[in-house]
Amino acid sequence: MYSFSEILQPLMFDLRILENEGLLVSRSDGNHWFRGTVAVVIGDNLGSHAIGGFLESFNSYRVCRFCMITKSQLHSNPVTLACSRTKTGHNEQVSIVLQYQSLATTYGVKSCSVLNQLKYFHVVSGLPSDIAHDLFEGVFCDVVQCVINYCIENSFFTAEYLNQRIGHFPYLGSDKVNKPSALSISPGGKVSVKQEAAQMWCLLRLLPLLVGHRVPVENSKWEVLLKLLDSSHYICAPSIYRHEVAIMEECITDFINSFQVEFPDQAVKPKLHYMSHYPQQTLQFGPLVHCWTLWFEGKHSYFKSINRITKNKVNICKTLAHRHQMHQLTKGPFTNYLDANKMEHQETYTLNMSEMPSEVKECLHTVKHMEHILAVKSVTYDGITYSSGLCVTLGENGDLLSRVY
Ligand SMILES: [Zn+2]
């Protein structure tokens with residue numbers, strides 16, 4: 001019924017105040033004015049194109065909100081970084097399209113986004129890629145499926161063998177929680193890869209350990225998967241050095257080119273091309289894993305669960321807002337009644353110190369002379385769970401790898 005400009009009107013009103021006048025905060029040390037604006041707007045490709053005023057068809061002449069690549073260029077060379085979209089160019093294109101609607105396809109834009117009314121935000125530089133939808137629910141599934149089916153066709157292993165390996169692998173820590181589901185097998189013996197995002201990440205990382213030993217060394221099609229894995233380590237890193245972004249760029253280009261050469265019959269999807277924009281976007285926005293939509297999907301799941309429990313159909317917005325505020329109160333820094341040193345652990349058990357490896361005993365300075373100590377299988381500190389058998393990297397030097405007991 002309503003367009004984005006109507007829906008976002010109250011927000012835009014507030015944002016304009018924040019940009020122009022700011023907020024006055026009075027404290028004992030005087031009055032402070034705080035101003036702010038929008039840095040990024042995060043969404044999946046369809047959502048970002050819709051709110052940014054770009055065409056929402058990913059099969060049209062121009063499919064990229066970052067550059068002017070055409071459909072035919074996309075198929076011939078998805079890495080080509082055609083002329084980037086610029087603020088001035090985009091504004092001109094929009095004004096032409098508003099006059100001549102038939103030119104929307106030519107430029108890949110259809111309307112002026114309401115967000116462009118902000119002083120410091122523009123849709124050509126403020127709608128980063130969402131790697132959750134691009135990779136975890138896109139490129140990863142496509143590539144893993146192609147490579148696995150190639151291996152099955154060439155009798156390196158069967159789909160049943162792979163499923164058996166997936167079912168019996170000794171997963172640890174978060175991998176145990178995100179253990180991949182068995183792959184569905186078609187009557188022809190091929191598999192189709194459909195997993196939740198976290199399961200897909202787990203499957204891609206562990207696939208070489210699951211079936212890599214059955215694949216001939218230096219098999220060029222298998223190497224496509226390894227190249228994707230290399231690229232994904234840089235793309236999904238929570239922090240990255242600037243010089244590593246150059247390595248990321250090389251890895252991504254190498255992967256896309258190899259994929260096209262080794263699987264020429266596979267249709268090139270826009271998501272594959274979007275990957276070639278990741279290095280530049282990482283420099284602009286920081287590691288893209290911090291801009292993915294899974295943060296919001298996680299937040300939504302909290303509201304959905306409250307909705308299921310309360311069964312409130314009268315004023316659901318009010319209930320959710322109230323419950324959420326109560327929930328936030330327990331998390332805030334202004335209270336520590338649920339803090340307990342931020343540490344949670346499972347049941348404790350008594351451990352004889354003589355059973356401890358001597359190098360661990362040496363680390364436990366304060367208790368190393370005791371006969372027994374209390375031990376736990378896992379400890380959650382500050383939101384991170386450390387379990388027995390997992391490793392913690394303390395630095396880049398291989399010598400610094402430390403095992404957690
Ligand atoms: Zn592009």
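**The zinc site**

Mentor: H277 is buried, at a relative accessible area of 7%, where buried means under 20%, exposed over 50% and partly exposed in between, computed with a 1.4 Å probe and protein chains only. The model is predicted, so local features need pLDDT of at least 70 and side-chain atom pairs count only at pLDDT 80 or more, while totals for chains, interfaces and linings use all residues. Residues are numbered from 1 along each chain as its sequence is written, and side-chain values use heavy atoms, with hydrogens and water left out.

Through its NE2 atom, H277 coordinates the zinc ion together with C64 (SG), C67 (SG) and H273 (NE2), at 2.0 to 2.2 Å; donors are N, O and S atoms within 2.8 Å of the metal, or 3.2 Å for Na, K and Ca, and sites may look incomplete because water is not among the atoms. The angles among the four donor atoms run from 101 to 115 degrees, and the site is tetrahedral, a label that requires all angles of four donors to lie between 85 and 135 degrees. For reference, the ideal angle for four tetrahedral donors is 109.5 degrees.

Along the sequence, the donor residues follow the spacing C-x2-C-x205-H-x3-H. C64 sits in the loop between α3 (45-52) and α4 (71-76), and H277 in the loop between α14 (270-274) and α15 (278-285), so this pair ties together parts 213 residues apart in sequence; helices here are DSSP runs of H or I with at least four residues, numbered from the N terminus. Like H277, C64 counts as buried, because its relative accessibility is 2%.

Note on methods:
Tetrahedral: all angles 85-135°; square planar, octahedral: opposite > 155°, others 65-115°. Helix = DSSP H or I, 4+ residues; strand = E, 2+ residues; numbered from the N terminus.
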